[in-house]
Amino acid sequence: MVLGGGEADGTGCALGSTDSGMDRTLEAVYGAGGTGTGTGTGTGTGARGSGGLGASAPHVSRWLGDIRTYFPSSVVQVMQRDAIDRLGLASLLLEPEMLEAVEPDVHLVGTLLSLNKAMPETSRETARAVVRKVVAELEKRLAARTRSTLTGALDRSAKVSRPRHHDIDWNRTIRANLKNYLPEHGTIVPERLIGYGRAARSVKKDVILCVDQSGSMASSVVYASVFGAVLASMRTLDTRLVVFDTNVVDLTEDLDDPVDVLFGTQLGGGTDINRALAYCQSRISRPAETVVVLISDLYEGGIREEMLKRVAAMKAAGVRFVTLLALSDEGAPSYDREHAAALAALGAPAFACTPDLFPEVMAAALEKRPLPIPA
């Protein structure tokens, strides 16, 4: 009623683009066409007077994205519940035709997870099946390369001084023995051999993934859960997964099944990075052997100065701290540039990372060499 619009409002004032968008998302559920069973033609981004979301997954996904743009988390949850009740979206989520209408991907998983709290029990198994299919495809694409890259990084970081011939790291050995070059023979006498260490049975490195689960980070949460499961499967790494909004949840115990991890998240809500880092900091026992990866758009709702102090303290203790603005294929999202600059000044540059680049970023962090920051 406040937004009005159309010929009936009598004000003669046109709505701006943002207000028009809000009006359309409300019209889809609460307008004249929003009282049926989800068979209207409106999409949440269409013309006024054509409320409803339509009986197709793309319309539902688009509308869910719109309401997260215009309304706070508490309102979004109410609108989602109302949409399910008024438009019959619960039955839509159960129909195989709905999932066949679009290619299951990370974005669809994000949509289903955003509906998690409002989803009827009868829909959960269908939703889990969709999420499991996407997770399996991601693991197939990313797992082998991640394990191979990180195993190599861990082996290279474990130097041995008496390696077998096939374990010799010739590049390092030559650099270490340049002073022993004999020009008359045109050769180097390798007094000291450096080799690749074989992967030890004991844990070599600790990894903490600290993931922002605010609504804008949906794709990053999906990828982080998959990578967390892959890292947790490596014996030479001790991996912890922490997700946060204004609360902090440790999902490490669920890392054997990334689907359980994803359904343990709650997309939306505020952000308290400082609180999350305080928890992560309390779990660090070997700073020099620990990598902390913060995945967040850095819109801090907590205490900014304390957040930066914690990062500085961890780095001073020897922790390798990595800040990723996103872990997705979409590139850099909207993010807090002031916080990103402050972290860069502390030696923790913030950048967006694609899933394909993530293994290289982790390998560099484990070997304590410069990160492959995208240009």
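Q: Is Lys368 buried, exposed or partly exposed, and what is its relative accessible area?
A: Buried means under 20% relative accessible area, exposed over 50%, and partly exposed in between (1.4 Å probe, protein chains only). Lys368 is partly exposed, at 47%. This is a predicted model, where local features need pLDDT of at least 70, side-chain atom pairs count only at pLDDT 80 or more, and totals for chains, interfaces and linings use all residues. Residues are numbered from 1 along each chain as its sequence is written, and side-chain values use heavy atoms, with hydrogens and water left out.

Q: What about the phi of Lys368?
A: Most residues other than glycine have a negative phi. Lys368 is not a glycine, yet its phi is positive, about 60 degrees. Lys368 sits in the segment after α14 (358-367). Helices (H or I, at least four residues) and strands (E, at least two) are DSSP runs, numbered from the N terminus.

Q: Which phi does Leu298 have, and where is Leu298 found?
A: Leu298 has a positive phi of about 70 degrees, although it is not a glycine. Leu298 lies in the loop between β8 and α12 (304-316). Leu298 counts as buried because its relative accessibility is 0%.

Q: How many residues of strand β5 are buried?
A: Eight of the eight residues of β5 (residues 205-212) are buried, so β5 is largely enclosed by the rest of the structure. Lys205, Val207, Leu209 and Val211 point one way, and Asp206, Ile208, Cys210 and Asp212 the other way.

Q: How many bridges join β5 to β6, and how many to β8?
A: Two strands pair if DSSP finds at least two bridges between them. Eight bridges join β5 to β6 (residues 237-244), and these strands run parallel. Six join β5 to β8 (residues 290-295), also parallel. Val211 stands opposite Ile295 in β8.
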